[in-house]
Amino acid sequence: MRFWEATAGRAFVGRLDTGSDLVQEIERFCAEHGIVAAQVTVIGAVRHARFAYYEQDDHRYRELDSATHHEIVGFTGNISLRDDRPFLHAHATFADADGATVGGHLLPGCEIFAGEVMIREIGGASLVRRPDEATGLALW
Ligand code: ZN
């Protein structure tokens, strides 16, 4: 286990524009505001969902795509630095008109219908992603 003590930083609340990209908009906002470590939550709905499942044996993502409208019923994510830029790592659960859910590791390509975002900046900890041999992932 690895832990770092961190402090609470700035807090931001906002609304994503209809038609915008869920991942790209949050990363762009963080880059513009110098946010390099943060906790991110979102509630809202998407017109299109893109996410992935990580194949642990193969060390590769299996990309999934759902072109129907969904509620965002769960979203937890963080901002860290990857290749010197703010990177959003988020997992989300999406519910369709029948309440059936899909979800996984969020990918660019989720088109926002409506999205309320809260970003809580974290200070005092340097979260930089580097390749991890055991998992094949880019981890802190
Ligand atoms: Zn993930």
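In which helix do Arg28 and Glu32 both lie, and how many residues apart are they? I looked this up first.

**Entry: the model.** I noted that this is a predicted model, in which local features need pLDDT of at least 70, side-chain atom pairs count only at pLDDT 80 or more, and totals for chains, interfaces and linings use all residues. I number residues from 1 along each chain as its sequence is written, and side-chain values use heavy atoms, with hydrogens and water left out.

**Entry: helix α1.** I found both Arg28 and Glu32 in helix α1 (residues 22-32), four residues apart, about one turn of the helix. Helices (H or I, at least four residues) and strands (E, at least two) are DSSP runs, numbered from the N terminus. The two side chains form a salt bridge at 2.9 Å, N to O. For this term I require a side-chain nitrogen of Lys or Arg within 4 Å of a carboxyl oxygen of Asp or Glu. Salt bridges link Glu25, Arg28 and Glu32 in a network.

**Entry: accessibility.** I call a residue buried under 20% relative accessible area, exposed over 50%, and partly exposed in between (1.4 Å probe, protein chains only). Arg28 is partly exposed at 41%, whereas Glu32 is exposed at 52%.

**Entry: the strands.** I recorded a salt bridge between Asp65 and Arg50, with the closest N and O atoms 3.6 Å apart. Asp65 belongs to strand β3 (residues 60-66) and Arg50 to strand β2 (residues 38-55), so the pair ties together parts 15 residues apart in sequence. Asp65 is partly exposed at 47%, and Arg50 is partly exposed at 21%.

**Entry: the whole structure.** My search of the whole structure gave seven salt bridges. Another entry is Glu55 with Arg62, at 3.3 Å, N to O.
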